[in-house]
Protein chains: 2
Amino acid sequence: MRHADLSTSQGILLTDFYQFTMAQLYFRMGLHERPAQFDHFFRSYPDYGTHQAGLCINAGLDSLLDWIPEAHFREKDLEFLAAQRGRAGTPLFAADFIDWLRTEGGFDGISMRAIPEGRVVHANVPLTVVEGPLAMAQILETPLLNFLNYQTLIATKAARVTAAARGRPVMDFGLRRGPGFGSNAGTRAALVGGVDFSSNVGMSQVVGSTPKGTHGHSMVQMFLALGEGELAAFRAYADLYPDDCVLLVDSVDTLESGIPNAIKVFEELQRRGHEPAGVRLDSGDLAYLSIQAASMLKRAGFPDTAIVLSSGLDELAIWQIMTQIEDEAPRYGIDADHLIGRLMFGVGGRLLTSYGDPLLDGVYKAVAVQHEGEWVPAMKRSENAAKVPAPGVKDVWRLYDQRGRATADVIGVSGVDTETTDPWQLHHPIQPGKRRELAASELSHVEPLLTEVLRHGQRVAEQATLADLQHRRQEDLTRLDPGVRRLINPHIYHVSLTRQLRDLKQDLLTSTGGTPQPTL
Amino acid sequence: MRHADLSTSQGILLTDFYQFTMAQLYFRMGLHERPAQFDHFFRSYPDYGTHQAGLCINAGLDSLLDWIPEAHFREKDLEFLAAQRGRAGTPLFAADFIDWLRTEGGFDGISMRAIPEGRVVHANVPLTVVEGPLAMAQILETPLLNFLNYQTLIATKAARVTAAARGRPVMDFGLRRGPGFGSNAGTRAALVGGVDFSSNVGMSQVVGSTPKGTHGHSMVQMFLALGEGELAAFRAYADLYPDDCVLLVDSVDTLESGIPNAIKVFEELQRRGHEPAGVRLDSGDLAYLSIQAASMLKRAGFPDTAIVLSSGLDELAIWQIMTQIEDEAPRYGIDADHLIGRLMFGVGGRLLTSYGDPLLDGVYKAVAVQHEGEWVPAMKRSENAAKVPAPGVKDVWRLYDQRGRATADVIGVSGVDTETTDPWQLHHPIQPGKRRELAASELSHVEPLLTEVLRHGQRVAEQATLADLQHRRQEDLTRLDPGVRRLINPHIYHVSLTRQLRDLKQDLLTSTGGTPQPTL
């Protein structure tokens with residue numbers, strides 16, 4: 001796409017067509033500027049087929065908050081809408097609606113509360129609450145979901161990959177197989193979710209990270225084609241980057257050629273006073289080759305150089321490699337912990353596509369609309385009780401137990417006095433009869449999770465740095481029960497409704513023709 | 001991201017960091033402007049876990065050809081590179097290299113041959129051949145793969161979904177769960193691959209398609225919250241869009257409320273001289289509900305209105321719905337073929353993420369470099385024979401049998417006289433001893449597949465319209481054996497090397513230290 005086309009496809013028309021047909025209907029009925037609220041939440045954690053996550057890392061909010069103030073209807077966008085015709089050949093959008101979009105159709109009326117980016121978040125909890133004129137809040141649905149669903153999905157995957165890496169550095173190498181320009185959002189989300197560096201140069205610049213990388217097979221191939229060998233390629237690279245020399249050793253034969261040549265070059269570097277950085281393995285049995293490489297490097301006097309692994313990695317592959325090294329390294333006289341302490345991981349397409357589950361089911365649901373100055377709760381009834389969102393204007397609190405562990409996220413009608421609530425009656429969000437009580441004395445802290453991030457179209461809070469976001473994630477992860485963090489078969493974190501909200505939901509289910517669920 | 005950040009992350013820095021470390025090495029050795037060739041190809045068809053594709057649809061080329069002429073180093077980009085430091089604190093990139101990037105670092109020297117977009121393509125066949133100065137051809141690796149891998153993956157998925165839909169219209173509804181701005185490339189690829197329309201407004205404008213959509217649940221919810229019912233919502237929508245009235249009938253209860261209310265509104269429309277367009281089902285058992293909806297609509301005198309299905313659809317889900325309708329519709333007095341002839345499908349996140357396999361393993365490999373004016377073949381040896389690409393400057397032909405069916409893609413050293421070749425000796429690309437012969441008399445046509453698309457950084461061919469691309473795809477699909485097109489367990493299409501290329505590859509394997517494969 002040309003730059004001009006990018007402005008079109010990444011501007012305010014980054015939305016679904018039906019948002020405009022609905023917006024015009026609201027306009028025609030005089031409802032377009034009626035204040036409304038929409039909740040954004042996801043219904044289930046990513047399920048990677050063989051394993052399901054127990055938490056997500058919230059991401060994408062800052063990108064959305066950058067986009068909203070710049071999004072506006074250009075004449076060209078309005079002309080495109082005005083040119084749309086129905087089956088009968090008449091325009092679908094009338095001139096007065098187009099005029100309204102021209103003059104009032106920005107996001108200046110939109111305000112937003114959200115759980116801050118980088119935080120641990122859970123299914124069925126409102127992560128973002130949008131309030132504003134109905135027509136524009138409706139049009140915002142698609143871009144909001146587009147920004148938040150994908151980044152939250154990738155930040156979650158990144159948190160899993162880095163958990164499997166046990167603190168060893170993880171780099172995003174995914175740009176070449178990632179989803180087009182979406183890869184940039186993926187790189188950002190991966191960094192928020194826990195990855196240490198990315199190979200993506202442009203996006204690293206944008207988010208204030210340092211891009212990383214070494215060399216590829218093609219460099220060695222070029223030397224071979226020109227009649228030189230792998231050793232000459234390594235020497236040339238070491239001459240140019242003597243203090244940053246990571247050599248890719250699998251272009252010819254890892255153990256027969258790559259490692260021995262790397263050792264020769266490392267010895268030469270060492271004689272010239274430089275510390276060799278490491279080797280990279282990009283094919284074959286990475287656990288076995290790591291051990292063999294470590295063994296050869298140790299014998300040559302390089303017991304501490306880094307070993308970078310890449311090729312098809314994700315959280316399970318890294319976990320398997322770690323386990324195999326622990327089992328097998330001692331047989332070769334290599335200390336497993338020491339070897340693991342030298343590993344670094346390059347994770348590619350499986351990170352940026354959330355391999356195993358490339359979809360987060362985040363939705364954006366109308367929960368309230370103003371009528372005669374009062375908020376009226378709105379609810380969709382569904383054949384599937386799990387799909388019914390909690391109605392009305394709400395708040396969200398995270399309850400921490402006496403050990404400081406997050407024990408539940410509670411959704412309630414706005415205005416609860418959390419100071420005097422005792423006990424907390426926590427109702428299951430889907431099975432209304434299922435509940436438990438928590439005495440205030442069992443809690444160390446009740447934290448409101450939603451904070452104001454956008455007021456009348458303008459960002460309220462200071463933009464967080466990448467370090468801030470990573471810090472929030474790390475803090476939240478340490479305050480979770482380890483069972484919830486587990487990669488496989490995690491404990492289910494409790495998400496609950498207050499009794500008042502449970503009752504409101506049941507009342508609405510009845511009034512909209514649904515059969516209320518039996519309460520136990 | 002702000003506009004300024006998009007220019008950075010979607011410009012020439014949309015590449016991996018190691019491309020620059022390698023480019024500087026070539027610069028330092030005086031190799032940076034040496035003509036080199038790289039092949040782009042994918043190694044295996046998408047494998048959706050339960051089923052693997054037998055072909056791909058080539059896509060993304062036009063987006064890449066738009067990007068290349070506009071990509072250039074801005075001062076800001078060069079400053080970022082100049083600011084990169086190594087472990088010892090010294091700059092990684094020297095001033096003379098940065099100066100070279102400033103003056104020569106565009107893609108003006110790059111030429112490209114490619115299999116045209118929209119065509120059926122196969123594993124291990126060069127789809128794109130890049131020729132140009134080594135340093136810039138190297139830097140191009142990442143953006144080229146980013147543009148082509150994802151779009152080819154999605155066009156392939158779209159072709160499968162539309163095959164399952166048996167000619168019934170398919171719409172892309174994926175923007176809200178797609179991968180950020182990558183969703184726009186996904187929408188484009190989906191349209192190239194066979195989808196009829198998209199809900200994505202901006203991208204529809206860019207590619208010259210008509211965006212489609214009706215209304216969502218939120219519209220009905222708003223009416224309910226304001227004390228009106230579903231019927232009032234439907235009436236308001238029908239008043240505004242009398243000739244394009246597709247009603248979403250599952251907001252309250254599909255069979256008890258949605259369909260009966262839709263029928264009332266359709267009767268009112270009909271009395272006013274309008275033809276009702278249809279209903280949309282977005283939850284529940286879509287096959288069962290289609291039959292019930294058809295039955296109720298038929299009794300009410302609307303036997304032909306469209307039934308739009310959406311929610312979690314992909315090729316298998318659509319196939320299953322079709323089969324279930326064929327089995328069950330007659331029991332309810334509904335003609336299955338007639339019902340299927342009224343269906344339309346809205347396919348969302350599963351389309352734009354290639355659900356089941358979100359990665360295409362396209363690679364970009366150095367195959368030749370000039371030395372003293374001659375092309376010297378380059379090859380990577382790998383532990384895995386399947387990963388060794390065919391070396392050298394090559395051409396690709398598609399052979400058609402006497403029935404006009406594509407029977408094999410053949411890769412050969414450039415310069416083969418296809419007129420006089422008889423018989424064609426076709427060698428397996430991985431198992432060098434496996435071969436077959438095809439007499440020229442068995443063939444109706446030999447078609448060269450690679451055409452020049454970029455010459456010295458500028459697009460050579462006219463930009464194809466979306467209709468052109470869709471036509472190419474359709475033509476190619478009809479010229480394939482139906483067994484290759486099969487969704488599950490397809491025949492493997494033959495991709496072969498000429499004898500001369502097989503011999504060259506074996507020679508190089510030996511000379512680079514590899515053990516040549518035994519020939520039978």
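The model is predicted. Chain A contains 19 helices and 21 strands, and 57% of its 520 residues count as buried. In chain B, 100 residues are in contact with 100 residues of chain A.

**Overall architecture of chain A**
- The C-alpha trace of chain A spans about 80 × 60 × 40 Å along its principal axes.
- Among contacts in chain A with a separation of 6 or more, 74% join residues 24 or more positions apart.
- Chain A is divided into domain 1 (1-31 + 72-105), domain 2 (33-69 + 109-140 + 362-520) and domain 3 (156-352).
- The centres of domain 1 and domain 3 of chain A, taken over C-alpha atoms, are separated by 49 Å.

**Contacts between chains A and B**
- Contact between the chains involves 100 residues of chain B and 100 residues of chain A.
- The side of chain B that touches chain A comprises 43 nonpolar, 41 polar and 16 charged residues.

**Helix H10 of chain A**
- Helix H10 of chain A runs over residues 217-225 and is mostly covered, with nine of its nine residues buried.
- The buried residues of H10(A) include His217(A), Gln221(A), Phe223(A) and Leu224(A).
- Within chain A, the elements covering these buried residues include helix H11 (230-240) and strand S8 (246-248).
- Chain B also contributes to this cover, through elements including helix H2 (17-28), helix H6 (134-139), strand S12 (362-371) and strand S13 (374-377).
- After H10(A) comes Gly227(A), which has a positive phi near 85°.

Methods: Residues numbered from 1 in each chain as written. Chains lettered and ligands numbered in written order. Predicted model: local features only at pLDDT ≥ 70, side-chain atom pairs only at ≥ 80, totals over all residues. Helix = DSSP H or I, 4+ residues; strand = E, 2+ residues; numbered from the N terminus. Buried ≥ 20, exposed ≤ 12 C-beta atoms within 10 Å, placed from the backbone. Contact = placed C-beta atoms within 7 Å. Domains from an automatic or database assignment. Nonpolar A, V, L, I, M, F, W, Y, C, P; charged D, E, K, R; others polar.
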